[in-house]
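Biologist: Please show me the protein, and then I will ask about it piece by piece.

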Amino acid sequence: MHPILIQIGPFTIYSYGFFIAAAILLALAVAIQQADKKGLDSRLGPDLGFYLILSAIVGARILYVLIKPEHFWEHPLQIIMFWKGGLVFLGGAVAAVAVGAYYLRRKNQPFWPWTDAFAPGIALGQGVGRIGCLMAGCCYGKETQLPWAITFTNPLSLAPLHIPLHPTQIYHSLAGFFTFGLLLASKRWLKGAGQLFGLFLAAYGALRFLIEFYRGDFRGNLGLFSITQWMALAALAAGVIIIFWRRRSA
């Protein structure tokens, strides 16, 4: 693909960073819109979004580094170069939820309605952000001979070159767009505060677990599954529990 989107002399815009930025802005815009519809104080949206974004990037990068410690031990300066590719969503999600809960408590804001407001935007942002993964070549798939396989040829790509691979980046992107549509369609039936967020976790966890079977980059193994798959199963379980638990508040 094209890891570098624009390069004019020393000025460089990396495709991954561009699409991640676009995903963040789009997710925040949708979250503020949803907050307005729910009667929440949408003026807090930009500040809350800033803390969520910052914590998510840090958490996602930390988990990525922990998955590949040998590489970053040899190249420590690359730890901060997240704009070139290398963020694990689950690590960012854990950090963002923790920071978001603390912020909302400080502001005396209801936690669950805000999670519902952010859930559709996060799903949509995932769909857009994964395009950056495709451009950079990170999060690549296993070798395959399927007709929709993708072959990377750019030497700056993070994926293995000249080998037909599962387009797992596209799988992830489609999963994000599907989840976004599912959340919007389910709003009329899920009335309990937090249920929409629970559905997001369940859908994300299930789809992420399945897509991981086709990932070719090392994710760290723990028994039968990768570490990421275990975290995806935890997200799925948490989502189902939240849906039924928050149903009582409807």
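The questions below go from the overall fold to single residues.

Biologist: What kind of model is this, and how many helices and strands does the protein have?
Modeller: This is a predicted model. From the N terminus on, its elements run β-β-α-α-α-α-α-α-α-β-β-α. The secondary structure comes to 8 helices and 4 strands.

Biologist: What is the radius of gyration of the protein, and what would a compact globule have?
Modeller: The C-alpha trace spans about 55 × 45 × 35 Å along its principal axes. A compact globule with 250 residues would have a radius of gyration near 18 Å, and the protein agrees with that, because its own value is 18 Å.

Biologist: How much of the protein counts as buried?
Modeller: A residue is buried if its relative accessible area is under 20%. Of the 250 residues of the protein, the part that counts as buried is 46%.

Biologist: Which helix gives the most to the nonpolar patch on the surface?
Modeller: The patch is formed by F50, Y51, L54, V58, I62, L66 and V99, with about 660 Å² of accessible area together. L54, one of these residues, lies in helix α2. The helix that gives the most, with 6 residues, is α2 (residues 45–67).

Biologist: Is L54 buried, partly exposed or exposed?
Modeller: Buried means under 20% relative accessible area and exposed means over 50%, with partly exposed in between. L54 has 47% relative accessibility, so L54 counts as partly exposed.

Biologist: Are F111 and W112 stacked, tilted or edge-to-face?
Modeller: A pair of aromatic rings is described by the distance of the centres and the angle of the planes. The count comes to 14 aromatic pairs. In the pair of F111 and W112, the centres are 4.9 Å apart and the planes are at 75°. Planes over 60 degrees apart count as edge-to-face, so the pair of F111 and W112 is edge-to-face.

Biologist: Why is the pair of F200 and Y204 stacked, and in which helix do these residues lie?
Modeller: Their ring centres are 6.2 Å apart and the planes are at 25°, so the pair is stacked. Both F200 and Y204 are buried. They are 4 residues apart, which means a separation of about one helical turn, and their helix is α7 (residues 195–211).

Biologist: Which arginine lies over the face of W245, and at what distance from the ring centre?
Modeller: A charge counts as sitting over a ring only within 6 Å of the ring centre. Another case is R188, whose charged end sits over the ring of W189 at 5.4 Å from its centre. Over the face of W245 lies R246, at 5.3 Å.

Biologist: How far apart in space are R130 and L174, C-alpha to C-alpha?
Modeller: R130 is in helix α5 (residues 111–136) and counts as buried, at 10% relative accessibility. R130 and L174 are 44 residues apart in sequence, but in space their C-alpha atoms are apart by 9.0 Å.

Biologist: What is the phi of N108, and what is the phi of H162?
Modeller: N108 is in the loop between α4 (89–106) and α5, and it counts as exposed because its relative accessibility is 70%. H162 is in the loop between α5 and α6 (168–186) and is also exposed, at 58%. Neither is a glycine, yet phi is positive: near 55° for N108 and about 60° for H162.

Definitions and conventions: Residues are numbered from 1 along each chain as its sequence is written. This is a predicted model: local features need pLDDT of at least 70, side-chain atom pairs count only at pLDDT 80 or more; totals for chains, interfaces and linings use all residues. Side-chain values use heavy atoms; hydrogens and water are left out. Patches are made of residues with over 30% relative accessible area and no salt bridge: like charges are joined within 9 Å, nonpolar side chains (Val, Leu, Ile, Met, Phe, Trp, Tyr) within 5 Å. Accessible areas come from the Shrake-Rupley method with a 1.4 Å probe; for residues, only the protein chains shown count as cover. A salt bridge is a side-chain nitrogen of Lys or Arg within 4 Å of a carboxyl oxygen of Asp or Glu. Helices (H or I, at least four residues) and strands (E, at least two) are DSSP runs, numbered from the N terminus. Buried means under 20% relative accessible area, exposed over 50%, partly exposed in between (1.4 Å probe, protein chains only). Rings of Phe, Tyr and Trp (its six-membered ring) pair if their centres lie within 6.5 Å; planes under 30 degrees apart count as stacked, over 60 as edge-to-face and the rest as tilted. A charge sits over a ring if NZ of Lys or CZ of Arg is within 6 Å of the ring centre and within 35 degrees of the ring normal. The radius of gyration is taken over C-alpha atoms; the globule rule is 2.2 Å times the number of residues to the power 0.38.
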